[in-house]
Amino acid sequence: MDGTNQTAVTEFIFLGFSSVLYLRLTLFVIFLTVYLLSLMGNTLIIFIVLTDVTLQTPMYIFLGNLSFLEIWYTTATVPKLLATCLAQVVTISVFGCITQYYFFFSMGATECILLTVMAYDWYLAICSPLRYSLLMSLRVCLRFSAGSWIGGFIAPLLPTILISHLSFCGPQKINHFFCDSDPIFKLSCSDTFLVEALGYTCSSVVILSSFLLTMSSYGHIVVTIIRLSSQEARKKTFSTCASHLTVVSIYYGTIIFAYVRPPAKYNFTISKVISVFYCVVTPLVNPLIYTLRNKDVKKAFRKLLSQKRLLLA
């Protein structure tokens, strides 16, 4: 495009959800409540895992990683979402927008990999209990954890570099509450075909591969559960498995709908609603589901409360 009569855009404006004040205030209260509960819940899980030596095993180390990830994953987008509910005009610099894009997709990719690792860990615990301590030693656990973070932060690096070289010369309104990929592409006056194709390929590979591996682990778990001789053991294990599958299905269902689809069919209104599930709801629900049915975590929590009562007495 000829850029001689075009002015470079230095900041974007988020449109958020609605221009109706009472609706924005209602959404603000809802999102703020969920955000604070998510921060408190995940912080509590991290604290319990770090302070209780009985929980310093691979399963709970992964859970602590997930909780730490969810804190930053939701913090990457929710503060701007809350701001759009309170203010008519909420801006972000182009550099800030690209930075938000990178960290959001980095942590999203990390979560996909981490959920796959957690499913594999549970698969080993149920399907190969006698070899579990050998196959999932503390060293292996730490390598898996580090690999999840490193892999997640490498995945969107090249698309982010390409986006940073795009030109933005108006309009400057982002029809979203955070710097998602498609809204950014819509605002660029450069040719975005290459970066769109690369971003679509990267997200599809990360999401679909981790989803298939996760489902494969749960598939083997279900088969093992069916073969259990004790009906009570089958019921208890399947109940936990069903809870995990529910969370995984909600998370992958929404991100597959959002990022593994032809760009031409993109709908900004539907996208914003869907984004609320994986940006706001899942970071709260994920750790809760993984802990509510876990007797070890509940025991550690009761122990922590008992200690606090003794200190206050």
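Colleague: Which residues make the nonpolar surface patch of about 300 Å²?

Modeller: Bear in mind that this is a predicted model. The elements that give two or more residues to the nonpolar patch are α1, which covers residues 21-51, and α12, which covers 295-312. The patch, with an area of about 300 Å², is made by Leu 44, Phe 47, Phe 301 and Leu 305.

Colleague: Is Phe 301 buried, partly exposed or exposed?

Modeller: Phe 301, one of the residues that make the nonpolar patch, is found in helix α12. Buried means under 20% relative accessible area and exposed means over 50%, with partly exposed in between. Because its relative accessibility is 31%, Phe 301 counts as partly exposed.

Colleague: How are α1 and α3 oriented to each other, roughly parallel or roughly antiparallel?

Modeller: In general, two packed helices are described by the angle between their axes and the distance between the axes. For α1 and helix α3, which spans residues 78-86, the angle is about 155° and the axes are 8 Å apart; the crossing of these two helices is left-handed. Angles over 145 degrees count as roughly antiparallel. The orientation of α1 and α3 is therefore roughly antiparallel.

Colleague: And what is the handedness of the crossing of α7 and α9?

Modeller: Helix α7, residues 157-164, packs with helix α9, residues 193-226, at an angle of about 160°, and their axes are 9 Å apart. The two helices, α7 and α9, are therefore roughly antiparallel to each other. As for handedness, the crossing of α7 and α9 is left-handed.

Colleague: Is Ile 61 buried or exposed?

Modeller: Ile 61 has its place in helix α2, which runs over residues 58-75. Since the relative accessible area of Ile 61 is 16%, and buried means under 20%, this residue is buried.

Colleague: How far apart in space are Ile 61 and Thr 224, C-alpha to C-alpha?

Modeller: The place of Ile 61 in helix α2 has already been given. In sequence, Ile 61 and Thr 224 are 163 residues apart, while in space their C-alpha to C-alpha distance is 24 Å.

Colleague: What is the distance in space, C-alpha to C-alpha, for Val 276 and Lys 235?

Modeller: Val 276 lies in helix α11, made of residues 268-292, and at 12% relative accessibility Val 276 counts as buried. Val 276 and Lys 235 are 41 residues apart in sequence, and C-alpha to C-alpha their separation in space is 33 Å.

Conventions:
Residues are numbered from 1 along each chain as its sequence is written. This is a predicted model: local features need pLDDT of at least 70, side-chain atom pairs count only at pLDDT 80 or more; totals for chains, interfaces and linings use all residues. Side-chain values use heavy atoms; hydrogens and water are left out. Patches are made of residues with over 30% relative accessible area and no salt bridge: like charges are joined within 9 Å, nonpolar side chains (Val, Leu, Ile, Met, Phe, Trp, Tyr) within 5 Å. Accessible areas come from the Shrake-Rupley method with a 1.4 Å probe; for residues, only the protein chains shown count as cover. A salt bridge is a side-chain nitrogen of Lys or Arg within 4 Å of a carboxyl oxygen of Asp or Glu. Helices (H or I, at least four residues) and strands (E, at least two) are DSSP runs, numbered from the N terminus. Buried means under 20% relative accessible area, exposed over 50%, partly exposed in between (1.4 Å probe, protein chains only). Axes are lines fitted to C-alpha atoms, for helices over the stretch in contact, and angles run from 0 to 180 degrees between N-to-C directions. Angles under 35 degrees count as roughly parallel, over 145 as roughly antiparallel, 65 to 115 as roughly perpendicular and the rest as oblique. A crossing is left-handed if the near helix is turned anticlockwise from the far one by less than a right angle, and right-handed if clockwise.
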